[in-house]
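Hi everyone, thanks for making time.

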Amino acid sequence: MKTIFRQLLLCAIACLGSGSRADDDKAFNNNFAEAESRHYYRERDRWPTNLADLASFSKARYKNSNLFPRFSPEDYRTVGFTNLANGDLQLTLTSHSGKSQVRVCKRPPTTATAVIQQEGYLIVQDGSSFYYFDKENTFFSGPLDGWCGRAIRGNYRTIAPWSFTAEGTMTYFNRPCTPTRYRMKMEVNSVERDSEPFDFRILIPFVGYQQKGQQPFPTNPVVHKAYFAFDSLIPVEEQEKAP
């Protein structure tokens, strides 16, 4: 009889331990809390402040979707939210067994159009040239050394938050050339929220052109890190000849 009782007791202890491990697995063996927090930031441009806030957002996000939500608030006893000085989010995940883990969420990238709307302009660079967009749809590009290389002056149109078309005149600094009109399509993606100082002297050759509009040059311009690429860069004459 004692043997049977001992076996039942050991079985119960094993089941309780297994349940605790299962709770820990749900809380720690995935990144669903981090992923949902990043979705929150993308839509609201700020981090969630508590578990109920994140749970409410997640429930609303999946309400009209056929997808099954992967983030389950029930998997956690508590979640602590701490905004770090660099703009990231620190999550302190606590399982139902009482164990805790700390995770850090990096701020998701923003969009080119969001920066233009908020700052009035956007400057990105690819290592040799810079590209300037402002809220009056002015576009121009020039060499980073400021005095030698290809320059484009024109206007752009937004297709999507990361996609633009533009038409402008291409010339070269300090080199004989025939100004040529180009139509182009550009992608500016994965724009980082942290910007870096940009040398205003690089913009000086464009000052007169840009000030025809109402948008003034920034007094302390910054450049954002981003993925930039020309999808097409075709002379207007060639486009007009194409069927």
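Let's start simple: how many helices and strands are there in the protein? The count is six helices and 12 strands. Before I go on, please keep in mind that this is a predicted model.

Now some overall numbers. The protein has 243 residues, and 38% of them are buried.

The largest nonpolar core has 19 residues. The ones with the most contacts inside it are L122, F133, F139, F164, M186 and V188. Who contributes? At least two residues each come from α4, β4, β5, β7, β8 and β9. Strand β9, residues 180-189, gives the largest share, with four residues.

Let me zoom in on F133. Which residues does F133 touch, leaving aside neighbours within four places in sequence? Its contacts include L122, F139, F164, M186 and V188, and also I116, Y156 and F228.

Apart from that core there's another one, made of 17 residues, and A33, W47, F81 and L93 are among them.

While we're on buried residues, here's a serine. S58 sits in helix α3, which covers residues 51-62. Is S58 buried or exposed? S58 is buried, because its relative accessible area is 4%, under the 20% cut-off. Beyond its neighbours within four places in sequence, S58 is in contact with E36 and F71.

Next, a hairpin. Strand β2, residues 89-94, pairs with strand β3, residues 100-105, in the antiparallel sense, and there are six bridges between them. To get your bearings, find Q90: across from it in β3 is V104. Five residues lie between the two strands, and in this hairpin G98 has a positive phi near 100°.

Last stop, the surface. Which residues form a nonpolar patch there? They're W147, F200 and I204, and together they have about 310 Å² of accessible area. I204 belongs to the loop between β10 and α5. I204 counts as partly exposed because its relative accessibility is 42%, which is between the 20% and 50% cut-offs.

That's my tour, so over to you for questions.

Methods. Residues numbered from 1 in each chain as written. Predicted model: local features only at pLDDT ≥ 70, side-chain atom pairs only at ≥ 80, totals over all residues. Heavy atoms only, no water. Pairing = 2+ DSSP bridges. Buried < 20%, exposed > 50% of the residue type's maximum accessible area, 1.4 Å probe, protein only. Patch = residues over 30% accessible without salt bridge, like charges linked within 9 Å, V, L, I, M, F, W, Y side chains within 5 Å. Areas by Shrake-Rupley, 256 points an atom, 1.4 Å probe, with all protein chains shown as cover. Salt bridge = Lys/Arg side-chain N within 4 Å of Asp/Glu carboxyl O. Core = buried A, V, L, I, M, F, W, Y, C linked by side-chain atoms within 4.5 Å. Contact = heavy atoms within 4.5 Å.
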